[in-house]
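Here's a quick briefing to read with the model open in your viewer.

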Amino acid sequence: EFSLLNHLLVHSNEQISVCKECGRIFIEKRSLVRHLRVHKSEKLFICVVCSKSFIDAASLKSHCQTHTNEKPYACDICSKTFCRRGDLRRHLRIHTKGKPYDCEVCSEAFTDGHTLKRHLRIHTKEKPYVCEVCSKAFRDGSNLKVHLRIHTKEKPYVCEVCSKAFRDGRTLKVHLRIHTKEKPYVCEVCNKAFSDGSNLKRHLSIHTKVKSYVVKCAVKHSLEMKN
């Protein structure tokens, strides 16, 4: 993408500036100055809340919205809001069915490169995120973050109905179905419904065991008839 952009700028009449480190071309010199901070690892803009640093004011401003819960970018289709424009752009692919990132191993498609990169670790068995307390490793940083709460005893997700607390949002979501009586996971064999997918998975083993038993009985009966 950058190569094509650089090529087009060469043919334009614009005054251009070239990065000596990577060859990227900029129309405005100030854009080049800001870009050079990437190579120098220079991050002059610091968040006063968490001390995270950024190479420019725009990135800092976008980051600060995560602390204020400000979400100025709204989806025109489902009204879901986002802190960053890039997050909204990735979200829109859900509605357009746009999944341009394909896994070369299993052909599963994804809406963004970050999710594909995370998925590839399933195939490579790579687990780069390691717990400093117990050395357990994870494929994804968010899973490590949730795991660390086992050691810190932190349970930030609280049920508004019964005040029970949980380490992660998914477990809270499953728990809430106790109160709402929602059971979205339905067995295709006997139509029994469950609030959690893992419970449905365990239930399905009942049917597979019965099927296996029936097949064994049929084979045994057939052999006895022949004898």
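**Salt bridges and burial**

Arg 177 is buried, at a relative accessible area of 10%. Keep in mind that this is a predicted model. Arg 177 pairs up with Glu 182 in a salt bridge, with 3.9 Å from N to O, and that partner is partly exposed at 42% relative accessible area. The notes below start with the charged pairs, then move on to the pocket, the cysteines, the record's domains and a few backbone details.

**More on the charged pairs**

- There are 4 salt bridges in the structure, and the one between Glu 182 and Arg 177 is among them.
- As background, side chains of opposite charge can pair when their charged atoms come close.
- Another pair is Glu 154 with Arg 149, whose closest N and O atoms are 3.9 Å apart.
- In that pair, Arg 149 counts as buried at 10% relative accessibility, while Glu 154 is partly exposed, with a relative accessible area of 39%.
- Asp 140 and Arg 118 also meet through their side chains in a salt bridge, at 3.2 Å from N to O.
- This pair ties together distant parts of the chain, 22 residues apart: Asp 140 sits in the loop between strand E10 (137-138) and helix H6 (141-152), and Arg 118 sits in helix H5.
- Arg 118, for its part, is partly exposed at a relative accessible area of 30%.

**The largest pocket**

- How big is the volume of the largest pocket? It comes to about 420 Å³.
- For context, rolling a probe the size of a water molecule over the atoms shows where empty space is left.
- The lining of the largest pocket consists of Lys 80, Phe 82, Arg 84, Asp 87, Arg 90, His 91, Ile 94, Thr 111, Asp 112, His 114, Thr 115 and Arg 118.
- Two elements each give two or more residues to that lining, namely helix H4 (85-96) and helix H5 (113-124).
- H4 has the largest share, with 4 residues.
- Sorted by class, the lining has 6 charged, 4 polar and 2 nonpolar residues.

**Cysteines**

- How many disulfides does the structure hold? The count is 0.
- Cys 103 is in no disulfide, and the nearest cysteine sulfur, that of Cys 106, is 3.7 Å away.
- That distance is not within the 2.5 Å cut-off, so the pair does not count as a disulfide.
- Cys 103 is buried, with a relative accessible area of 3%.
- Cys 162 is in no disulfide either, with the nearest cysteine sulfur, on Cys 159, 3.7 Å away.
- Is Cys 162 buried or partly exposed? Cys 162 counts as partly exposed, at 36% relative accessibility.

**Domains from the record**

- An unreviewed UniProt entry places the feature "domain: C2H2-type" at residues 17-44, 45-72, 73-100, 101-128, 129-156, 157-184 and 185-212.
- For residues 101-128, the end C-alpha atoms lie 22 Å apart, and the span is 43% helix and 14% strand.
- For residues 129-156, the end C-alpha atoms lie 21 Å apart, with 43% helix and 14% strand in the span.

**Backbone details**

- By way of background, most residues other than glycine have a negative phi, and most peptide bonds are trans.
- Ser 163 has a positive phi, near 70 degrees, without being a glycine.
- Look for Ser 163 in the loop between strand E11 (157-158) and strand E12 (165-166), where Ser 163 is exposed at 55% relative accessible area.
- Asn 191 is another non-glycine residue with a positive phi, near 65 degrees.
- Asn 191 lies in the loop between strand E13 (185-186) and strand E14 (193-194), and Asn 191 is exposed, with a relative accessible area of 61%.
- Val 186 belongs to strand E13 and is partly exposed, with a relative accessible area of 43%.
- The C-alpha atoms of Val 186 and Leu 200 are separated by 7.2 Å, with the two residues 14 apart along the chain.

Conventions: Residues are numbered from 1 along each chain as its sequence is written. This is a predicted model: local features need pLDDT of at least 70, side-chain atom pairs count only at pLDDT 80 or more; totals for chains, interfaces and linings use all residues. Side-chain values use heavy atoms; hydrogens and water are left out. On a 1 Å grid over the protein atoms alone, a cavity is a set of points where a 1.4 Å probe fits but cannot get out, and a pocket is an open set with protein on both sides within 12 Å along at least five of seven lines; lining residues have an atom within 4 Å of a point. Grid points are joined across faces, edges and corners, and a volume is the space filled by probe spheres set on the points. Ala, Val, Leu, Ile, Met, Phe, Trp, Tyr, Cys and Pro count as nonpolar, Asp, Glu, Lys and Arg as charged, and the others, Gly among them, as polar. Buried means under 20% relative accessible area, exposed over 50%, partly exposed in between (1.4 Å probe, protein chains only). UniProt positions are given in the numbering used here, feature names are shortened, and annotations may be inferred rather than shown by experiment.
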